[in-house]
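Let's take a walk through this protein together. Have the sequence and the 3D view ready.

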Amino acid sequence: MNAPVQDRPRTLVAGVGNIFLGDDGFGVETVRALTRGPLPDRVEVADIGIRGVHLAYQLLDGYDTLVLVDATARGGEPGTLYLIEPQPGGATGAPADAVALDGHRMSPDAVLALLDALCAGTGAAAPRRVLVVGCEPACVEEGIGLSPQVAAAVPGAVRMITDLVHQPAPEPTGLT
């Protein structure tokens, strides 16, 4: 027998980035394209943009998986897609109180650190799994619109995310 929808693992796909900085708008453009196709009922898609604090508070609603979609400079060719699973504690490993919080410039690491602090204070649970679907940017200077290489990568990112959210959720790995 299937579990009621509210008891099924929930996934949030969050597009982050600044649409006024060229390829930094990759996450926002990708989630816009993602909403044009069917997704499982347990999957929510949000255009977060630069509202990192909003994302941290939204995650308190209880999600099992978070898929962040963002421009990710890793040294590859512009338009290269990456699937990254950050280690617990974020890529920096910095404690929540060591991350500078700026409501207009919150990196995914800062959002996750803030979420850890909020969960500790509220008793809420952070997502068990965090994935980043990233794209190597060509240009993140002032300007609206993606570079041709990054724009061409959006359909591949949509396919990658669609495949991810149709996979069964991973089983919990420890006691809570």
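What percentage of the 176 residues in the protein is buried? Buried residues make up 41% of them. Keep in mind as you look around that this is a predicted model.

Start with the overall layout. The protein has 4 helices and 5 strands. If you read along the sequence, these elements come in the order β-α-β-α-β-β-α-β-α. Now think about which parts of the chain touch each other: of the contacts between residues at least 6 apart in sequence, 78% join residues at least 24 apart.

You'll find Leu-68 in strand β3, which spans residues 65-71. Is Leu-68 buried or exposed? Its relative accessible area is 2%, and buried means under 20%, so Leu-68 counts as buried. Leu-68 also gives you an example of two positions set apart in sequence: Leu-12 is 56 residues away along the chain, yet the C-alpha atoms of the two leucines are separated by 8.3 Å.

Next, turn to the aromatic rings. A search of the whole structure for aromatic pairs comes up with 0. Two tyrosines do have an arginine over the ring face, though. Arg-10 sits over the face of Tyr-63, 4.2 Å from the ring centre. Likewise, Arg-74 lies over the face of Tyr-82, here at 5.4 Å from the ring centre.

Methods
Residues are numbered from 1 along each chain as its sequence is written. This is a predicted model: local features need pLDDT of at least 70, side-chain atom pairs count only at pLDDT 80 or more; totals for chains, interfaces and linings use all residues. Side-chain values use heavy atoms; hydrogens and water are left out. Rings of Phe, Tyr and Trp (its six-membered ring) pair if their centres lie within 6.5 Å; planes under 30 degrees apart count as stacked, over 60 as edge-to-face and the rest as tilted. A charge sits over a ring if NZ of Lys or CZ of Arg is within 6 Å of the ring centre and within 35 degrees of the ring normal. Helices (H or I, at least four residues) and strands (E, at least two) are DSSP runs, numbered from the N terminus. Buried means under 20% relative accessible area, exposed over 50%, partly exposed in between (1.4 Å probe, protein chains only). Contact means heavy atoms within 4.5 Å.
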